[in-house]
Amino acid sequence: MNVEEALKDAMAAQVAGVHASPSLGQAVRRGNRRHIVRFRVAGAAVLTAAVAVGVPVALTARPDTVPAGGSLVGAGAGDQGAAAGSTAASGDAVATPGGVVPDLTGKNAKEVDAILKEAGYTVRITKIVTDQAPAGTVFGQMPQPGTAAPAGAAVTIIIATTAGPTPAPSEGTEDPGMPQDLGDLGDGRTLGGVHVGYLPEGLEWGKWSGKDGFGKRSYTTSWAEPGLEPGMYSVQMIVYRKGAVSRLTKRMQSYAAQGATAIEIGGRKAYLVSVSEGGDRVMDGGTRTIVWTLAPGVGAEVMISPDYAAKIGADAADRELKKIAAGATLDK
Amino acid sequence: MTEEDEAAFDEFLAARSTALLRTAILVCGASESDAEDMVQNALEKVYRHWPRIRHDNPEAYARRVVVNGAISKARRRKVLQEITFAHPPETPVESPDLGLRDVLVAELRKLPARMRAVLVLRYWEDLSEAETAALLGCSVGTVKSQAARGLARVRARMENLQGVSA
């Protein structure tokens, strides 16, 4: 078998099980509505990326997910008085395989967190600074209300917050999973218990932060040059703690196995590599990224966008990454 | 949009959406749900202009939107919301007993996005060099050199693997 055939065969095998969802047409036509939301949120200078994603997460109905999903529809109809879609409003009369994501916008974030967990969804939280919705309420969500999603699917809620200083979170007493434990929206320089002491000059905080998108107990935020389109970044940081750390450790091991040279940041081993979308090391292209461990159980990753790196030059980009890493400390 | 337009759009979806989704997954190396997002985005554009483009190769238009979206996504200029692993994270990235197919797909994912797109379009979609160049907005020469470099890397990996197992 020559390489072209082998590659074709491998690609075919890779996607053989993939089929477009039968409800794609509906989702595409519903898309018109989402543009309105996207525009509104873009006006608040936040992540368009977060709001633009409105895909049915997974449409495979597994028999074991039906009870949990069904109870979510019931909860939405009974307790909240606002069921997801009009067709699902009659509750038990409608068998909804895999469940349907309810409309969460405007609701109290704590309440929503509990509802989603109860239904078996994985909750991911993004906070944005905006005055277009009361602080602590859900400003946006993905997937969109009415989307079918089985238990276990990730549902991201976008919570409105104010830019004012937030009380410092106390690590020991925090309620795991509550939005408050981000506690980092004062100036955007502290996330996941790590303080960012150095940033390249001229960057502004992106005024958002996300939680658990990179594994349980991971935190992320970004800084950008003024005037960038919403959703774009110049520097993004991810802090990995507890369960999320193992993902980063595995990646560091694979970089080492591929021959990446370790450097030292504050006495700890770090790797400065070019990384693909999936987190693999690449030799040309990719995103310059530094990964290191701040302390046992605390990992960090800082990446510089290819656009910003091109602007300041490759050497300067690497220098800035090292300086950011060296300036990051545990927030006591 | 007339009812006939709507019906034709549904037909187009039924015929083409799975192929578009597969191409998106291969080009951006992303998870199925990310790829669905890109495909839906592309199809929304198609839908908006449907009465105008339905007789003018809507498939090529949709594919162009999907592929270019996938390339720019892979370049990570946008904030990352989530690392997208095609394999579940607990699967080791490269365990020795991975089959040839998995190794090739892993190698494909390591290529720069544009080079990967060339390989997918040429060898998965079976597009000609000229069609691939038109879709990516580059010269035929670039398609040739990118395909040759990409194939060389995949080939090296394949020979390496077969050398070990032989």
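Start by selecting A24(B), V39(B), V66(B) and A117(B): these have the most contacts inside the largest nonpolar core, which has 46 residues. Here a nonpolar core is a set of buried Ala, Val, Leu, Ile, Met, Phe, Trp, Tyr and Cys residues joined through C-beta atoms within 7 Å. Buried means that 20 or more other C-beta atoms, placed from the backbone, lie within 10 Å of a residue's own.

Now colour by element. Two or more residues of this core come from each of α1 (3-15) and α2 (24-43) of chain A, and from each of α1, α2 (32-48), α4 (58-74), α5 (100-110), α6 (113-124) and α8 (140-165) of chain B. The biggest share is that of α1(B), with 9 residues. Helices (H or I, at least four residues) and strands (E, at least two) are DSSP runs, numbered from the N terminus.

A word on what you have loaded: this is a predicted model, where local features need pLDDT of at least 70 and side-chain atom pairs count only at pLDDT 80 or more, while totals for chains, interfaces and linings use all residues. Residues are numbered from 1 along each chain as its sequence is written, with chains lettered from A and ligands numbered from 1 in the order in which they are written.

Next, select residues 3-28 of chain B, which form helix α1. Its 26 residues reach 35 Å from first C-alpha to last, close to the 38 Å expected at 1.5 Å times one less than the number of residues. Centre the view on R16(B), where α1(B) has a kink of about 50°; the bend is the angle between axes fitted to the seven residues ending there and the seven starting there. The buried residues of α1(B) include F9(B), L13(B), S17(B), L20(B) and A24(B).

Move on to V39(B). Beyond its neighbours within four places in sequence, V39(B) is in contact with S17(B), L20(B), L21(B), A24(B) and V66(B); contact means C-beta atoms, placed from the backbone, within 7 Å. For a second, separate core of 42 residues, pick out Y219(A), Y271(A), V291(A) and A317(A), which are among its members.

Finish in chain A, which has 8 helices and 14 strands. Show the open sheet of 3 strands, β4-β5-β14, with antiparallel pairing; strands pair if DSSP finds at least two bridges between them. Because β4 (190-191) and β14 (328-330) stand at the edges with a single partner strand each, one side of each is left without a neighbour in the sheet. Strand β5(A) (residues 194-196) is joined to β14(A) by 3 bridges, and V194(A) stands opposite L330(A).

Methods:
A residue is buried if 20 or more other C-beta atoms lie within 10 Å of its own, exposed if 12 or fewer, and partly exposed in between; C-beta atoms are placed from the backbone. Two residues are in contact if their C-beta atoms, placed from the backbone, lie within 7 Å.
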